[in-house]
Amino acid sequence: MKLLFANAVLIAVQALYSEAHQQSTFSDALSGSGPSSSSPRDPSGETWSEKYGGQPDLGFTGPLAFSHLPYARCLEDASPAFDIALLGMPFDTAVTYRPGARFGPTGIRIGSRRIHREWGWSLSWGLDPYKQGFEVIDCGDVPLSPFDNALALDQMQVAYSTLLQRDLARPNPEGMVGSTRRFAKDNKEHPKIITLGGDHTIVLPILRSLNKVYGPISVIHFDAHLDSWAPWSGANQTAQSRIMHGSFFYIAREEGLLSNTNVHAGIRCKMSSEADLATDDEFVGFEVVSTDDIDDVGINEVIRRMRARVGDGPVYLSLDIDVIDPGLAPATGTPEAGGWTTREVKRIIRGLAGLNFVGADVVEVAPAYDHADITSIAAADIVHDFLSLLVSAEPPKPRGERKPRGSQDEL
């Protein structure tokens, strides 16, 4: 008993000493006294700047902005000027299977950390999208309600419209590559926004916003699924329950947001019957390029069909990461076996350069289901392709047909 009492006293004394020591250390830190304030200058007599120069971000350090771009809270601060903005929409409360895409914007930014605006040139494109005269920034995420989908959809539309109405950073946008001014109702050049999703429902408020500027537009839709199904017609339906990540294109067509020249790419999902394709074609206005078509007709014919379908009007590009085979991109909500490879998707995207793109997105990245960030890395690299797409007047030529660097046309 005496031994137990002695141990208890010892523990109490140690606790009091520890608390007093912590209070003293904390007070010293606040007052600037204590050992830290009297530590000597580096023996070499040099500061970091004098000895090593700047403090650049490494691939695995620094604030979490896409590809280490300048980061701004553009919705509350209108001062940052941009031509192309990255905007996160962390929404996933309209899914039919696995949730988790609210973490997609963060996951894609993590996947982008080895890309840098000072290190963005690629063999595939033959250019660096950050060095083509366009100001590109990361505008952060829209703070969305996770409790009320109707409210969240309105928040997304208002946020997108806010950025879409900003003036360009370029002092003279006349004749700029990728100009869509001739399609705008106000005859103005508007910024381009690349959205990081988020489940695929986010495209509905985006299309509503774009419609105010351009009217009905064509959509190039990379996905394993149609996403054009008629809303579920069960008992006690509400207006909001009609809208989810498999019906938003149907709703968009009802609202007059789409042209009749849209195209799917990579479709391979199960359907109720061929009637689903009839609705998709006859009402919603989509032509289907299936996953298997790439084997039957080849990648160049796939690209040709997609370009011919959307024509020369304004085009929005939406890419669900599940278009890629889940063996290569497992982190998504509704995986479907037998998809395209990442390389095939990237090749098709390059073949679409020169169309009149008014915006783009990557959606349905759900990092909780990932392995070693491979889905996030693929999504980030596709976003980098989107940036190159928006600043290119035509698809890049095969490497053997490109002019050597520094060469000039003869007079």
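**Labels and their grounds**

Just after helix 7, Gly285 takes a positive phi of about 90 degrees. The model is a predicted one.

Q: What makes up the chain in helices and strands?
A: The chain has 11 helices and 8 strands. Of its 411 residues, 48% count as buried. The accessible surface is about 20400 Å², with 55% of that belonging to carbon and sulfur atoms.

Q: Which residues of helix 7 are buried?
A: Helix 7 covers residues 275-284, and Asp276, Asp280 and Val284 are buried there.

Q: Why are the buried residues of helix 7 said to line one face?
A: Look down the axis of helix 7: its buried residues fall within an arc of 40 degrees, so they line one face of the helix.

Q: What covers the buried residues of helix 7?
A: The cover includes helix 6 (248-254), strand 5 (262-267) and strand 6 (286-290).

Q: What makes strand 3 count as mostly covered?
A: In strand 3 (residues 192-197), 6 of its 6 residues are buried. Lys192, Ile194 and Leu196 point one way. Ile193, Thr195 and Gly197 point the other way, and all are buried.

Q: How do you know that strand 1 and strand 3 pair?
A: Pairing needs at least two bridges. Strand 1 (residues 84-89) and strand 3 are joined by 6 bridges and run parallel.

Q: Why is the contact between Arg109 and Asp141 called a salt bridge?
A: The label requires a side-chain nitrogen of Lys or Arg within 4 Å of a carboxyl oxygen of Asp or Glu. For the side chains of Arg109 and Asp141, the N to O value is 2.8 Å, so the pair meets the definition.

Q: Why is Arg109 called buried?
A: Its relative accessibility is 3%. Buried means under 20%, so Arg109 counts as buried.

Q: Why is Asp141 called partly exposed?
A: Asp141 has a relative accessible area of 30%. That lies between the limits of 20% and 50%, so the label is partly exposed.

Q: Which residues are linked with Arg109 in a network of salt bridges?
A: Asp138 and Asp141 are linked with Arg109 in the network. The structure holds 13 salt bridges.

Q: What makes Asp167 and Lys188 a salt bridge?
A: Their side chains meet at 3.9 Å, N to O. The cut-off is within 4 Å, so the pair qualifies. Both residues lie in the loop between helix 4 (149-164) and strand 3, 21 residues apart.

Q: Are Asp167 and Lys188 buried, partly exposed or exposed?
A: Asp167 has a relative accessible area of 59%, over 50%, so Asp167 is exposed. Lys188, at 35% relative accessibility, counts as partly exposed.

Methods:
Residues numbered from 1 in each chain as written. Predicted model: local features only at pLDDT ≥ 70, side-chain atom pairs only at ≥ 80, totals over all residues. Heavy atoms only, no water. Buried < 20%, exposed > 50% of the residue type's maximum accessible area, 1.4 Å probe, protein only. Helix = DSSP H or I, 4+ residues; strand = E, 2+ residues; numbered from the N terminus. Arc of directions from axis to C-beta. Contact = heavy atoms within 4.5 Å. Areas by Shrake-Rupley, 256 points an atom, 1.4 Å probe, with all protein chains shown as cover.
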